[in-house]
Amino acid sequence: MKKIGLVALHEYRRHVFNRRFIFGLLSVPLVIILLVGLVFLIISMDNNTTPIGYVDHSGLLSNPVPVPKAEPPYKPVPFVAFDTEEAARAALDAGKLQAYYVLPADYLTTGELRVVHAVQIKDPARVQFYNFLGANLLKNTDPVIATRLVKGADLTVQSADGTRSLSSNSWFSFLVPMIAGIGFIIAMFTSGGYLMQAVVEEKENRTMEVIVTSVTPNELMAGKILGDTAIGLTQILLWILFIVIPILVGRSSLKFLQGIQVSTQTLVVMLAVMLPSFVLVAALMATIGATVSEAREGQQMTGLISLPIWIPYMLFGLLMSNPNSPIALVLGMLPLTAPVTMLVRDGLTILPAWQIAVSSAIQVLFAIGGIWLAGRAFRLGMLRYGKRLAWRELFVRSKPA
Amino acid sequence: MPAVELSHITKTFGPVKAVTDVSYSVEKGELFGLLGPNGAGKTTSLRILLDIFKPDSGSVTVLGGPLTVAKKDRIGYMPEERGLYQDIPLERCLVYLGSLKGLSPAEVKERSAGYLERFDLAEHKKKKVKELSKGMQQKAQIIATILHRPELLIVDEPFSGLDPVNTQMVKELLREQRDQGVTVILCSHQMNLVEELCDRIVLIDHGKVMLYGDLAGIRKRFSGNAVMVRSQTELPKLPGVDSVEPINGTVKLNLARGADPQGILQELARRKIPVERFEIAMPTLDEIFIRVVQGQEDPA
């Protein structure tokens with residue numbers, strides 16, 4: 001056991017304190033920051049705070065109630081009253097207004113109004129003006145009702161059996177398992193890629209020959225897989241921190257972030273199903289590394305593992321329309337398809353505990369089998385320099401080389 | 001009890017017979033030479049010894065019994081192809097390899113300090129292994145092999161890539177190990193070095209043992225058909241001499257079948273030819289190797 005730990009620690013240190021890993025680790029949050037920055041840039045481009053004028057011939061805004069508060073990240077736009085259209089036009093020409101509205105005398109009966117603008121009014125400013133109009137139309141109504149009418153309904157969709165619901169306020173929670181699934185896949189293949197490459201390199205530069213005179217092939221493979229899993233989990237943990245910290249910081253000012261929450265069920269699925277799946281993928285990557293003679297050859301073979309993992313996303317429509325269908329149930333049990341299927345289903349339904357338990361048990365069994373296979377592939381393939389080990393040999397031959 | 005004993009080992013890879021009925025033993029505390037041309041089966045026999053390969057038949061005992069996981073910590077193995085992690089600093093690499101043999105990082109650092117100094121690697125210990133020259137990596141590999149003070153040291157081509165100064169250092173190191181009671185198996189193509197260092201050898205060719213035993217005895221067995229003579233006067237044509245080869249001021253007289261070295265000496269005395277040196281020519285290991293491998297001589 002001690003030697004397994006030593007191998008795992010060596011693998012971990014070798015890859016984690018490496019420029020390539022750090023670059024890969026930072027690239028995801030950097031892309032997220034870039035995307036968020038892009039969103040804020042687009043929002044700020046929409047945030048034109050130049051005042052909007054209005055000329056009211058209807059008398060609705062003769063004694064206006066205050067403008068409802070603009071919701072972040074949008075900034076409030078001042079509204080300026082003009083007595084005549086000429087005065088408003090002069091202000092517009094002078095660049096003091098981005099636009100002005102004209103409410104005709106029969107506005108209350110026709111609802112028609114006119115806007116004159118130098119540049120097209122962006123949605124945030126238009127919405128604020130309409131809210132301003134709405135608030136004034138309802139100024140004699142009960143403020144609670146007025147607010148409800150202006151803000152609209154908060155709809156929660158619930159299934160007939162009451163097992164699942166989705167609120168318009170918590171729409172983002174539905175995406176959390178999906179995003180987590182993608183993150184897990186990226187981490188699995190990044191760290192698994194390191195492992196495969198390490199095994200191939202050690203075969204190529206003969207380090208293996210030295211190592212196996214100190215540890216058994218099974219100890220070596222178990223250590224490597226353990227180290228690789230730790231690398232992947234480090235990656236995921238740091239990504240989670242990169243995501244959670246901005247959410248915690250931003251949720252006080254950005255309302256949509258308040259809907260983001262991770263359920264206990266999601267955490268259980270991650271630990272019980274994704275973790276052993278992670279080990280299984282690592283073991284299969286190590287097996288590939290032990291059977292091929294070049295890293296490039298190994299990378300081509302990883303498609304055999306990645307394809308089943310992505311299948312649930314390909315069948316997303318099917319899973320979404322009926323997350324408890326037999327096919328969803330089977331995909332949730334099979335190795336490789338299980339992790340993403342269970343996460344997607346987790347976002348759509350309440351998973352029965354027995355399904356999580358059975359899926360987890362299957363993944364654990366396959367993970368153990370994967371480690372055994374990796375050890376065997378290593379024993380058979382470690383000294384086949386420049387020659388590939390046929391997969392059928394892994395199951396046919398009884399005596400190691 | 002021998003430190004290592006291979007008994008009737010046979011190993012095939014598909015249609016290829018890597019070793020056939022190979023037997024040899026290595027005594028405790030000796031420096032033993034394992035020789036053979038490329039592809040002869042030397043490395044396969046070492047890998048069987050180290051339990052990397054399982055033999056099809058035959059048995060192996062190492063340090064008094066079958067090789068166990070615990071015994072691996074008492075063995076140091078340096079393969080022919082160098083096996084160090086290229087992308088980590090040398091010291092970290094030594095610490096890792098040493099820790100797999102049961103040493104603590106502090107022990108590795110303490111023990112390696114002297115060797116790094118001795119092999120002029122101390123100032124390079126923080127460099128990545130790939131930044132070291134081939135010779136430096138070779139020396140680093142040797143250090144990694146002996147750090148845990150093995151009882152059995154197996155070195156495959158330890159002199160390749162070394163300049164004469166470093167070759168001398170490694171030779172001294174191997175002798176030093178032997179003197180400390182370590183059993184050393186030296187696998188090499190460099191016959192002169194094996195001849196210089198080893199007392200006993202085994203020569204494997206085409207997977208079979210061709211020569212095995214005491215080096216002096218083997219040389220003696222292959223001698224007898226030539227004598228070395230040094231004289232200030234030119235030697236006349238002598239009966240029983242097939243051909244004459246001048247070698248560094250000495251003349252090698254290759255004798256005809258049935259001719260006796262004593263007869264040649266008597267003939268020289270009878271003719272009153274002053275002789276400064278007269279000895280039975282002992283073949284070098286190189287010559288024996290070539291003769292055996294090229295099939296000029298029957299195996300022992």
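Predicted model: local features only at pLDDT ≥ 70, side-chain atom pairs only at ≥ 80, totals over all residues.
Among contacts in chain A between residues at least 6 apart in sequence, 76% join residues at least 24 apart, where a contact requires that the C-beta atoms of two residues, placed from the backbone, lie within 7 Å. Residues are numbered from 1 along each chain as its sequence is written, with chains lettered from A and ligands numbered from 1 in the order in which they are written.

Let me turn to strand β1 of chain A, residues 52–56, which is largely enclosed by the rest of the structure because 5 of its 5 residues are buried. In a regular strand the side chains alternate between the two faces of the sheet. Here I52(A), Y54(A) and D56(A) point one way, G53(A) and V55(A) point the other way, and all are buried. β1(A) pairs in the parallel sense with β3(A), residues 99–103, over 5 bridges, and with β2(A), residues 79–82, over 4 bridges; pairing here means that DSSP finds at least two bridges between the strands. D56(A) stands opposite L103(A) in β3(A), whereas Y54(A) has A81(A) as its bridge partner in β2(A).

Next comes helix α10 of chain A, residues 264–291, whose end C-alpha atoms are 40 Å apart, in agreement with the 40 Å that its 28 residues should span at 1.5 Å a residue, the expected span being 1.5 Å times one less than the number of residues. The helix is mostly covered, with 20 of its 28 residues buried.

How many residues does the largest nonpolar core have? The number is 135, and the members touching the most others are I225(A), A283(A), A286(A), A374(A) and L186(B); α10(A) supplies the largest share of this core, 15 residues. A nonpolar core is a set of buried Ala, Val, Leu, Ile, Met, Phe, Trp, Tyr and Cys residues joined through C-beta atoms within 7 Å. A second, separate core of 17 residues includes F82(A), L92(A), A99(A) and Y101(A).

Notes. Buried ≥ 20, exposed ≤ 12 C-beta atoms within 10 Å, placed from the backbone. Helix = DSSP H or I, 4+ residues; strand = E, 2+ residues; numbered from the N terminus.
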